Amino acid sequence: MTKNIEKLYDVIKKPIITEKSMMATAQGQYTFEVNMNATKVEIAQAVELAFPGRKVKKVRTVYMPSHEKRMGLKFGRTDSSKKAIVTIEGDPIEELTAI
């Protein structure tokens, strides 16, 4: 049981704070960067564990591929990642709402 809970804490990496994601908080949608191997069920359980008293209504995931970046004459690539747009029922998450 504790192994599963420890795994759920590793699912959510960080919230994604952009203008578009902050406008979606009015509808109860929050955007998180998540582990590449996480499923929608694991993401929902991790959000409910991280923010007690909230019920997840819907989870949508998006794969964000890497792209080239340039810094002067040097070229590189960003890391590919996965983000989840989670719809919450009930009270808003105060830590992630716009100021």
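Q: Buried means under 20% relative accessible area, exposed means over 50%, and partly exposed lies in between (1.4 Å probe, protein chains only); what percentage of the residues of the chain count as buried?
A: Of the 99 residues in the chain, 33% count as buried. The structure is a predicted model, in which local features need pLDDT of at least 70 and side-chain atom pairs count only at pLDDT 80 or more, while totals for chains, interfaces and linings use all residues. Residues are numbered from 1 along each chain as its sequence is written, and side-chain values use heavy atoms, with hydrogens and water left out.

Q: How do you know where confidence in the chain is lowest and where it is highest?
A: The guide is pLDDT, the predictor's confidence in each residue, from 0 to 100. The chain averages 89, and 95% of the residues score at least 70. Helix 1 (residues 2-9) has the lowest mean, 76, whereas strand 3 (residues 55-64) has the highest, 95. Where pLDDT is low, the predicted coordinates should not be read in detail.

Q: What makes up the secondary structure of the chain?
A: Three helices and six strands are present. These are DSSP runs numbered from the N terminus: helices are H or I with at least four residues, and strands are E with at least two. In order from the N terminus, the elements run α-β-α-β-α-β-β-β-β.

Q: Why is threonine 31 called buried?
A: Threonine 31 has a relative accessible area of 11%, which is under the 20% cut-off, so the term buried applies. This residue belongs to strand 2. Contact means heavy atoms within 4.5 Å; leaving aside neighbours within four places in sequence, threonine 31 is in contact with Pro15, Ile16, Ser21, Lys83, Ala84 and Ile85.

Q: Why is strand 2 described as largely enclosed by the rest of the structure?
A: Five of the six residues of strand 2 are buried, and therefore this strand is largely enclosed by the rest of the structure.

Q: Why is alanine 50 called partly exposed?
A: Its relative accessible area is 39%, a value between the 20% and 50% cut-offs, so alanine 50 is partly exposed. Alanine 50 lies in helix 3 (residues 40-50). The C-alpha atoms of alanine 50 and leucine 8 are separated by 9.0 Å, although these residues are 42 apart along the chain.

Q: What makes strand 4 and strand 5 a pair?
A: Four bridges join strand 4 (residues 68-71) to strand 5 (residues 74-77), so they pair by the bridge rule. They run antiparallel, and arginine 70 stands opposite phenylalanine 75. The hairpin has two residues between the strands, and glycine 72 takes a positive phi near 70° there.

Q: What makes a space a cavity or a pocket?
A: On a 1 Å grid over the protein atoms alone, a cavity is a set of points where a 1.4 Å probe fits but cannot get out, whereas a pocket is an open set with protein on both sides within 12 Å along at least five of seven lines; lining residues have an atom within 4 Å of a point. Grid points are joined across faces, edges and corners, and a volume is the space filled by probe spheres set on the points. The structure holds one cavity of 30 Å³ or more. The largest cavity has about 50 Å³ of space, and the largest pocket has about 170 Å³.

Q: Which residues line the largest cavity?
A: The lining consists of Pro15, Ile16, Ile17, Ser21, Met22, Thr25, Tyr30, Thr31 and Leu96. Helix 2 (19-24) and strand 2 (29-34) are the elements that give two or more residues to this lining.
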